[in-house]
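I opened this notebook to record what I looked up about charged side chains and their partners. The entries follow the order in which I consulted the structure.

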Amino acid sequence: MSAAPEAKFTEEKVLWVKHYTPKLMTFAITRPEAYRFSAGQFSRLGFRDGEGFIWRAYSVVSAEYADTLEYFTVLIESGPMSAKLAAMQAGDTILLDKTATGFLLPERFPDGRDLVMLCTGSGIAPFLSILEQPEIWQRFEHLVLVHSVSYAGELIFNERLAALQSHPLIGEFFSKFRFIPVTTREETAGALGLKRIPALLSDGTLEAASGLEFDQENTRFMVCGNPEMVKDTFQALLDLGFAMHRNRIPGQIMMENGFS
Ligand SMILES: Cc1cc2nc3c(=O)[nH]c(=O)nc-3n(C[C@H](O)[C@H](O)[C@H](O)COP(=O)(O)OP(=O)(O)OC[C@H]3O[C@@H](n4cnc5c(N)ncnc54)[C@H](O)[C@@H]3O)c2cc1C
Ligand SMILES: NC(=O)c1ccc[n+]([C@@H]2O[C@H](COP(=O)([O-])OP(=O)(O)OC[C@H]3O[C@@H](n4cnc5c(N)ncnc54)[C@H](OP(=O)(O)O)[C@@H]3O)[C@@H](O)[C@H]2O)c1
């Protein structure tokens, strides 16, 4: 499917939509042959809206090599795009900006042994894509994913993450992986409970749960989610002696606001 050749977007077809809770959904759309992205980047998705358009950013959940593009969204009460997505059905048309963007890219770290991915809510999306890239599993000795949500019912990716152990490209490396769910408003079996990520970093709980020693030489952090969480987590990591990664001044922390 395509719009006029000079357009900055293409018209894609919604292939499927899955609702998990009233506010959590995933969906997939057709992928144009020319669409390129790196795991960790986001697409701009849109709809025609009256005389104009509505556009919002969504991190790609799919692997770079996937035939379709999958996304995960948290529906916001009274949110204009959320209303469109909530009503969307398979077969509908959705607009895809031709260019994917974003700098939450693990390959930007020139070194490091252990990759620790810290996220809240929909901030898990880029990490689901990153975790489907075999080169990440080859490159790092340990991969830790920490996902914080308010309630256990929002931990909808447990089975998908567990299924990585039989993934044809990744299964052999699966023992490198540790998933640490966090539920902040209730105690949940198998999850850390009632504390947010910055506090869990500061008091050493996350380090202990990961089975690793967090240090400047070996540990690299990627952070995505609620902007307040990104800010507070950055501060907690600074307090622990880590520094922002910049291309010219390598450090240990890379981050992206999952919304703003
Ligand atoms: C780089 C980037 C990547 C993004 N990736 C995703 C993604 O993968 N999945 C996703 O659901 N959203 C993502 N978003 C947010 C998304 O672009 C929309 O803002 C969101 O879907 C809500 O749109 P809306 O029009 O309904 O409400 P808006 O008018 O856009 O937002 C209203 C308010 O809702 C809150 N909010 C917005 N998005 C979220 C969210 N995801 N979780 C919790 N609260 C939120 C904010 O406080 C915001 O001010 C991303 C945003 C950015 C900037
Ligand atoms: N009606 C309600 O009670 C209610 C509740 C939540 C969400 N919502 C709706 O859902 C949307 C939010 O979606 P969401 O729950 O996925 O996103 P979220 O509010 O960003 O929460 C996701 C996770 O981030 C944590 N978090 C929030 N701020 C943080 C910070 N400064 N530092 C560390 N962790 C932090 C939350 O902890 P906490 O649980 O401690 O906040 C939770 O574990 C809202 O816009 C609203 O529409 C409604």
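Which residue forms a salt bridge with Asp111, and how far apart are the closest N and O atoms? I worked from a predicted model. I found that Arg220 is the partner, with the closest N and O atoms 2.8 Å apart. The pair links distant parts of the chain, 109 residues apart: Asp111 sits in the loop between β6 (93-97) and β7, and Arg220 in strand β11 (residues 219-225). I then checked accessibility: Asp111 is partly exposed at 38% relative accessible area, whereas Arg220 is buried at 3%.

Next entry: Asp114. I located Asp114 in strand β7 (residues 114-120). Asp114 counts as buried because its relative accessible area is 0%, under the 20% cut-off. I noted two polar contacts of its side chain: one of 2.7 Å with the side chain of His142, and one of 3.0 Å with the side chain of Arg113. Beyond four places in sequence, Asp114 touches several residues, among them Phe140, Leu212, Asn218 and Arg220.

Next entry: other salt bridges. I counted ten salt bridges. One of them joins Lys195 and Asp203, with the closest N and O atoms 2.5 Å apart. Lys195 is partly exposed at 37%, and Asp203 is partly exposed at 38%. I also looked up Lys231, which forms a salt bridge with Glu228 at 3.5 Å between the closest N and O atoms. Both residues lie in helix α7 (residues 227-239), three residues apart, about one turn of the helix. Finally, I recorded that salt bridges with shared partners join Glu70, Glu132 and Arg160 into one network.

Conventions. Residues numbered from 1 in each chain as written. Chains lettered and ligands numbered in written order. Predicted model: local features only at pLDDT ≥ 70, side-chain atom pairs only at ≥ 80, totals over all residues. Heavy atoms only, no water. Helix = DSSP H or I, 4+ residues; strand = E, 2+ residues; numbered from the N terminus. Buried < 20%, exposed > 50% of the residue type's maximum accessible area, 1.4 Å probe, protein only. Polar contact = N/O pair within 3.5 Å; in protein donor to acceptor, adjacent residues only side chain to side chain. Contact = heavy atoms within 4.5 Å. Salt bridge = Lys/Arg side-chain N within 4 Å of Asp/Glu carboxyl O.
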